[in-house]
Amino acid sequence: MLKVGIIGFGNMGKAIAFGGRALFEVSIFDKDKEKLADCLSLKARTQVADLINNSDCIILAVKPQDMASVLKEIKASFKEQLLISIAAGISTKSITRQLGIAARIIRIMPNMPAQISQGVSFLYKAESATVKDMDLAWQLFSCVGLVLAVDDEKKINAATAVSGSGPAFFCDYIEESANADLRRNEFIQMLTHAAVGLGFDQQEAKVISEKTVDGTIAMLKKMNLTCEELIKKVASKGGTTEAGLKVLQNNGTLEEAVKAALARAEELEKGS
């Protein structure tokens, strides 16, 4: 069984770990040891080096602002494993540069409904990665929902703004979870229009929007969350979602909010 090591056991790290454990041998590491109390049947590693030495594939499930320190920490132990990054706004070139050595890298942007296996994940394969690597990543993230591949890394930032931030934007729009089903169709139309504005074709934009909204509705119901609680799960301080929410809170349109989220993702990429 292939060994997958996950660095970062936050909301998304947990979703990937529990979703993939039926097909892969999963081990985890997080600098916050309290988070590891929820690891259940997963193998918790106390040292990053231990995780790397016992993994065929390493998933970097950390916040963008923590990426530099994590790459510095893993550099000494890293060999030739596949690296999968889910950090918003951190390009594959940036990871290679910071790691200081050539690596096989795949960048993926999942969204929060992955926690209930109804997520949308966008996958980009860097030139260094192989077709076999891509198949592995596809198989792993199919465990938590729909996977779509893009051949232009810029589209990962666009996906971050639409499907990544979309659940929070939808919750802000409906205000109360009881309104979710009633306002589903109108929000899908709006999000589809916004996605087309970021370069997705009409059909692709509609699929992304429907999956994002329906996954969010299912998550609200299954996890018995309020809209405010779900927004807090999605929006990180200084992140792409927060940038879009500020626009909405100042009476901006959804299209403007999505563009603000994209701009923030591009800012993070430039600064990485």
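Strands here are DSSP runs of E of at least two residues, numbered from the N terminus. The model is predicted.

**Stop 1: Ser 117**

Select β6 (104-109) and β7 (119-125), then the loop that joins them; Ser 117 lies in that loop. Display its backbone: phi of Ser 117 is near 60°, which is positive although the residue is not glycine. Most residues other than glycine have a negative phi.

**Stop 2: α7**

Move on to α7 (166-174). Seven of its nine residues are buried, so the helix is largely enclosed by the rest of the structure. To see them, select Gly 166, Pro 167, Ala 168, Phe 169, Phe 170, Cys 171 and Ile 174.

What do the buried residues of α7 pack against? Colour these helices in turn: α6 (154-164), α8, α9 (202-222), α10 (227-234), α11 (240-249) and α12 (254-271). The buried residues of α7 pack against each of them.

**Stop 3: Glu 175**

Step off the end of α7 to Glu 175, which follows the helix. Glu 175 belongs to the loop between α7 and α8 (184-197). Its phi is near 70°, again a positive value in a residue other than glycine. Is Glu 175 buried or exposed? Its relative accessible area is 59%, so Glu 175 is exposed, the cut-off being over 50%.

Key:
Residues numbered from 1 in each chain as written. Predicted model: local features only at pLDDT ≥ 70, side-chain atom pairs only at ≥ 80, totals over all residues. Heavy atoms only, no water. Helix = DSSP H or I, 4+ residues; strand = E, 2+ residues; numbered from the N terminus. Buried < 20%, exposed > 50% of the residue type's maximum accessible area, 1.4 Å probe, protein only. Contact = heavy atoms within 4.5 Å.
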